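Biologist: Before we talk, could you put the sequence and the model side by side, please?

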Amino acid sequence: MTKVALIDKSSNLISTVKGPTGPEHRQLANEVMRQALEKVSLQIDDISCIVATGYGRVNVPFADRQITELSCHARGVSSIFPNVRTAIDIGGQDAKCMKIDNGRLISFVMNDKCAAGTGRFLEVTAATLGVKLEDMGDISLKATKRIQISNLCTIFAQQEVVALLSRGERLEDIVAGLHNALASRIAALAQRLGIEPDLVLTGGGAKNTGMVRAVKESLGRELLVPEEPLLTGALGAAILAGETYMKAVAASGAFSAKPRRLEKATFFGREHR
Amino acid sequence: MSDKKRGLSKAREIYLNRSQRARELKAAGKRIMGYPCAYVPLEMITALDLVPYRTCGDMKEPVTEADRALPSSFCPIMRTCLDCALKGKNDFLDGMVTIHSCDPQEKTARVWESYTDYPYFHFIDMPVTVRPEALEYFEGQLNDFKKTLEAFSGKKLSTGTLEAAIESHNRQRTLVRELYELTKPSPPLVSGTEIVQVVKALMSLPVAEGNELLADIMSEVQSRTDGPERKAARLLTWGSTLDNTDIMQVFEAKANVVMDESCGGIRAYRAEVRRSPDPIEGLADYYLNEITCARSFRQAILGETRKRYARDLQSRFGYLKGIIKEWNINGAIMLLVRYCDPFAFEMPSLKDYFDGLGIPNTYIEYDYTAGALAPLRTRVEAFLETIS
């Protein structure tokens with residue numbers, strides 16, 4: 001997923017965009033930027049500084065800086081919860097744990113190799129169950145029986161889910177079991193880093209009330225969840241952009257931004273098809 | 001091989017086409033001896049006028065053939081090495097010398113033998129501890145190796161030729177250490193990427209030619225004006241094997257790698273074979289004691305039965321303290337190849353040692369495939385962001 005966050009001088013969010021990424025990153029970067037600007041009737045030249053983050057950060061030609069999503073989430077989460085020391089981001093295709101001090105990233109662990117510890121695990125198993133991903137959380141909260149999903153691998157977990165259904169287990173109990181399985185992977189990752197309060201859960205996984213419950217139970221700790229968990233990375237990037245700008249102005253009176261052009265990247269453009 | 005290329009550009013050329021010189025020598029009647037690990041005593045091979053050639057894998061080559069011979073959850077380095085061999089990339093070899101440095105090396109030894117047709121195979125056993133009895137046993141193993149190698153080469157391994165070979169290989173070690181002296185300045189005069197190419201080239205040439213190449217490189221680097229850019233971070237990389245420039249480039253996009261403690265870096269060159277009335281004894285001592293690979297079980301005090309963690313850390317990793325100071329290192333990356341048990345088990349202790357020294361450090365695991373580079377980049381960049 002691709003997200004854009006525009007903030008004002010006081011770090012308030014004034015415009016946001018969220019949407020599926022797809023294959024053509026450079027074209028998409030232009031497109032989502034255009035949408036974000038349109039919402040607040042701004043031109044791209046009105047933006048003081050732009051920071052790109054995430055896997056596609058190298059594909060944002062008009063970005064002034066590229067910063068890893070780890071540092072950006074650390075910043076974004078700290079702006080919402082100033083006392084955060086540990087943050088867990090459960091994304092669609094990866095999961096990260098970050099140790100934070102005063103808004104700065106101190107250390108981190110990531111899982112971006114195995115689907116079993118990411119949102120993908122629930123996407124895949126939801127599809128197997130014929131359930132919409134956005135309903136999985138609520139369904140899990142209705143469980144009355146504890147079911148252990150024994151398989152570590154997403155693919156094998158799918159098979160196990162079918163076997164459980166055919167055994168007559170309730171959908172709600174199975175879905176809760178899946179959430180617990182995902183939460184235990186996340187907990188294992190987080191415990192490698194050591195958890196200090198305040199603990200924040202963010203990312204798409206944090207929008208899932210079932211996941212919030214499961215992670216809370218797995219870690220045995222209180223969790224803070226931002227109102228817009230999908231945006232903490234982009235928010236952090238925007239705040240770091242603001243800091244970059246202010247630092248440059250303080251040091252030399254001005255910040256020289258990259259050329260601000262939102263033309264279609266013609267390499268992928270329709271004209272060439 | 002182009003006559004025009006010298007020094008660093010020659011090293012780069014060899015890096016891109018490693019086997020060319022070995023094939024030329026083979027065509028001219030020399031015999032080439034493959035070895036998969038830095039623990040094989042190359043001096044004995046050189047002394048019998050055979051050409052040692054390190055068998056390497058290729059990170060960019062998808063592993064397709066090795067699956068019929070090796071399990072998939074297995075050292076990716078050995079898998080790709082064997083894969084390349086099965087694809088005929090080492091067809092010019094006249095033999096393989098394998099050694100019990102670690103389990104994958106030991107287990108793959110027999111697989112090499114079954115799946116290839118070289119006229120000569122020898123497996124050297126090596127103890128995991130570093131103590132007098134182990135040393136004595138290892139000497140015995142090297143004497144066994146001497147016998148089979150003499151039989152294969154049709155020559156006797158005299159003390160004189162062995163001493164000359166030791167001198168030549170020691171000279172190479174000295175030259176590599178001198179090259180690393182040139183990474184001490186800020187910015188370093190030579191990059192980690194260039195050193196990967198140089199070391200790979202050294203593993204592809206007879207020792208005398210490697211020494212000539214190094215001499216050229218030294219004078220080139222000392223007087224160059226086109227060295228690496230200064231970066232704020234001066235890194236130590238620590239791991240098993242780092243023999244691919246793509247990996248180095250991930251680190252050096254935003255940092256200077258001034259010391260690489262791996263088989264693609266300084267590990268095989270940091271110490272010297274000392275002179276000894278029996279050269280085999282000197283070789284055994286060097287290879288067993290001086291190579292700081294995680295495969296060895298080292299104790300501060302032999303037969304230690306009480307837990308003394310700090311002293312244990314010092315005895316295992318103390319050599320890094322001086323390096324960190326002298327090279328002004330401000331960050332350490334512990335790089336693990338997936339499934340590598342010896343190095344994996346060292347990581348937590350090494351982390352404690354680095355934390356004790358106050359050196360920011362991070363642990364990164366990757367699987368030695370082209371797909372590993374993007375996640376590696378994210379982690380390296382995030383680590384550099386924490387120390388900037």
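Modeller: What follows is a set of questions and answers about this predicted model.

Biologist: Which element gives the largest share of the side of domain 1 of chain B that touches domain 2 of chain B?

Modeller: The domain assignment of chain B gives domain 1 as residues 22-163 and domain 2 as residues 186-387, and 35 residues of domain 1 of chain B are in contact with 36 residues of domain 2 of chain B. The elements that give two or more residues to this side of domain 1 are α3, β2, α4, α6 and α7 of chain B. The largest share, seven residues, comes from α6(B).

Biologist: Which strands stand at the edges of the open sheet in chain B?

Modeller: Four strands of chain B form this open sheet with parallel pairing, in the order β2-β1-β3-β4. Two of these strands have a single partner strand each, so one side of each is left without a neighbour in the sheet. Those edge strands of chain B are β2 and β4.

Biologist: At about what angle does α6(B) run to β4(B)?

Modeller: Helix α5 of chain B, residues 103-115, lies across β3 and β4 of chain B and runs at about 160° to β3(B). Helix α6(B) also lies across β3 and β4 of chain B, and its angle to β4(B) is about 175°.

Biologist: Turning to chain A, why is one side of β7 and of β8 left without a neighbour in the sheet?

Modeller: Four strands of chain A form an open sheet in the order β7-β6-β5-β8, with mixed pairing. Because β7 and β8 of chain A stand at the edges, each of them has a single partner strand.

Biologist: Which residue of β7(A) stands opposite A:Lys96?

Modeller: Strand β6 of chain A, residues 95-101, runs antiparallel to β7(A), and seven bridges join the two. The residue of β7(A) that stands opposite A:Lys96 is A:Met110.

Terms used: Residues are numbered from 1 along each chain as its sequence is written. Chains are lettered from A and ligands numbered from 1 in the order in which they are written. This is a predicted model: local features need pLDDT of at least 70, side-chain atom pairs count only at pLDDT 80 or more; totals for chains, interfaces and linings use all residues. Domain bounds come from an automatic or database domain assignment. Two residues are in contact if their C-beta atoms, placed from the backbone, lie within 7 Å. Two strands pair if DSSP finds at least two bridges between them. Axes are lines fitted to C-alpha atoms, for helices over the stretch in contact, and angles run from 0 to 180 degrees between N-to-C directions.
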